[in-house]
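Hi,

Here is the structure I promised to send over. Have a look at it first, and then read on for what turned up when I went through it.

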Amino acid sequence: MKYHQINSALFVKNRKKFTAEMKPNSVAVFNSNDIYPVSADSTLPFAQHRDIFYLSGVDQEESILLLFPDAPYESQKEILFLKETSEHIAIWEGEKLTKERAFQVSGIRTVYWLQDFHKILNEMMTYADTMYINTNEHYRATVETETREARFVKWWKEHYPAHNVAKSNPILQRLRSVKESEELDLIQQACDITEKGFRRLLSFVKPNVTEYEIEAELIHEFIRNRSKGFAYTPIIASGNNANVLHYIENNQQCKDGDLILLDVAAEYANYSSDLSRTIPVSGRYTERQKAVYNAVLRVKNEATKMLTPGTLWKQYHVEVGKIMTSELLGLGLIDKADVQNENPEWPAYKKYFMHGTSHHMGLDTHDYGLLHEPMKANMVFTVEPGIYIPAEGFGIRLEDNVVVQEKGEPFNLMRNIPIEADEIESLMNE
């Protein structure tokens with residue numbers, strides 16, 4: 001891994017929180033992700049399943065975590081199963097976790113090779129009444145590929161039909177949404193790497209540069225700072241491309257007078273950051289561009305203040321909509337009649353700001369979190385309003401990542417990344 005080793009105390013703490021929520025006499029199993037094939041012998045880069053990483057720190061394929069807090073013997077309460085390494089694997093693939101190294105990473109003392117899993121699971125099932133299976137229930141999830149976790153669930157149900165079944169996901173949704181201080185530090189590192197990439201661009205961007213050249217500058221800066229790369233597929237959208245919300249082609253030339261909407265951010269140690277900025281190709285905003293830019297910035301600043309403990313996500317978006325409506329009226333994009341005659345299910349402001357303002361962020365860019373439950377301290381949210389005007393050939397989105405505080409305004413993890421229009425112009429013209 002490129003990142004520095006994380007103190008295993010974080011994963012010990014995470015397991016204690018999870019097992020405290022388990023039913024008596026129950027087992028929970030978590031699997032690594034597969035390495036997915038492309039064709040021939042090509043594969044996609046391995047990306048660890050966030051749940052097993054959250055609970056163990058293990059960042060390696062073909063790994064399994066078993067938790068059984070009520071096991072009859074201490075050595076059975078936490079067990080890791082790993083792919084057995086060998087001289088052949090070391091030569092062809094590089095170092096894999098040894099049992100001792102796995103303990104250093106995870107804090108788990110009982111480590112077996114993977115071939116022992118079914119034998120040991122069978123013993124655990126003779127003691128247990130309930131199995132916690134791990135399913136993906138994120139509100140944005142669309143899963144068409146059968147995952148390693150899904151195959152295990154299918155196999156387990158066939159072989160142990162007499163046991164009760166419980167779900168890990170509701171527990172993890174609540175636990176993962178509230179960050180430990182160590183996690184906040186890791187997200188801050190991802191944000192700091194993102195800052196370096198963004199500042200690099202401010203001196204690089206000029207008329208006739210291409211979107212993919214900008215992408216190349218970012219990936220260079222991210223990797224040289226110990227990131228694996230982008231936390232999500234980068235959006236580098238010049239001109240009217242910005243009005244395609246998930247534009248990812250990044251293959252156009254950036255023209256003098258246009259804006260570039262950047263939705264790009266680094267990961268660090270599997271933790272995400274999520275940044276949006278909109279900069280002028282020429283280094284100067286036009287008067288109209290700056291007016292819209294500052295309107296978006298005002299919405300972002302006011303929306304940020306509302307991310308406090310007890311806030312309900314749905315009502316929060318209603319309030320943000322009211323602020324955006326006021327700004328759009330000021331810009332002349334809508335009028336009072338539009339507001340008076342609006343459809344409550346699709347308010348007038350949605351013509352120019354059609355997406356949500358905030359989502360949970362952490363190990364996943366769109367992280368775990370139950371949106372119907374009130375916000376809590378140490379949750380991390382994005383704040384990302386935008387105004388998109390195809391008729392005028394540009395769109396603007398601004399986005400920061402903030403931590404909900406027990407008292408006072410949220411803490412901005414991207415506080416050092418330039419966002420004021422005047423500062424961006426100044427830095428681009430140094």
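A quick definition before the first number: accessible areas here come from the Shrake-Rupley method with a 1.4 Å probe. On that basis, the accessible surface of the protein comes to about 19,600 Å², and 50% of that belongs to carbon and sulfur atoms. Please keep in mind that this is a predicted model.

Overall picture

The protein has 13 helices and 16 strands. Its radius of gyration is 24 Å, close to the 22 Å that the globule rule gives for 430 residues, so the protein is as compact as a globular protein of that length. The C-alpha trace spans about 70 × 50 × 40 Å along the principal axes. Of the 430 residues, 54% are buried. Counting contacts with a separation of 6 or more, 72% are between residues 24 or more positions apart.

Helix H7 (residues 169-177) is mostly covered, with seven of its nine residues buried. The buried ones are Asn169, Ile171, Leu172, Gln173, Leu175, Arg176 and Ser177. What lies over them includes helices H1 (9-20) and H2 (50-56), along with strands E1 (26-31), E5 (130-133), E6 (164-167) and E12 (380-383).

In helix H13 (residues 421-428), the buried residues are Ala421, Ile424, Glu425, Leu427 and Met428. They cover an arc of only 165 degrees around the axis, which puts them on the same side of H13.

A strand with partners on record

Strand E3 (residues 78-82) is largely enclosed by the rest of the structure, because four of its five residues are buried. E3 runs antiparallel to strand E2 (residues 64-67), and four bridges join the two. Within that pairing, Leu67 has Glu78 in E3 as its bridge partner. E3 also pairs with strand E4 (residues 110-113), this time in the parallel sense and over four bridges. There, Leu82 stands opposite Trp113 in E4.

Start with Ser276, which lies in strand E11. Is Ser276 buried or exposed? Its relative accessible area is 0%, and buried means under 20%, so Ser276 counts as buried. Leaving out residues up to four places away in sequence, Ser276 touches Leu262, Asp263, Arg397, Leu398 and Glu399. Two of these contacts are polar ones between side chains: Ser276 to Arg397 at 3.4 Å, and Ser276 to Glu399 at 2.7 Å. As for Lys154, 122 residues from Ser276 along the chain, the C-alpha atoms of the two are separated by 40 Å.

Then go to His355, in the loop between helix H12 (336-340) and E12. His355 has a relative accessible area of 17% and is buried. Which side chain does the side chain of His355 make a polar contact with? That partner is Tyr388, at 2.6 Å. Again leaving out residues up to four places away in sequence, His355 touches Leu245, Lys350, Glu384, Pro385, Gly386, Tyr388 and Arg397.

Cheers

Definitions and conventions: Residues are numbered from 1 along each chain as its sequence is written. This is a predicted model: local features need pLDDT of at least 70, side-chain atom pairs count only at pLDDT 80 or more; totals for chains, interfaces and linings use all residues. Side-chain values use heavy atoms; hydrogens and water are left out. Buried means under 20% relative accessible area, exposed over 50%, partly exposed in between (1.4 Å probe, protein chains only). The arc is that of the directions from the helix axis to the C-beta atoms. Contact means heavy atoms within 4.5 Å. A polar contact is a pair of N or O atoms within 3.5 Å; within protein, one must be able to donate a hydrogen and the other to accept it, and residues adjacent in sequence count only if both atoms are side-chain atoms. Two strands pair if DSSP finds at least two bridges between them. The radius of gyration is taken over C-alpha atoms; the globule rule is 2.2 Å times the number of residues to the power 0.38.
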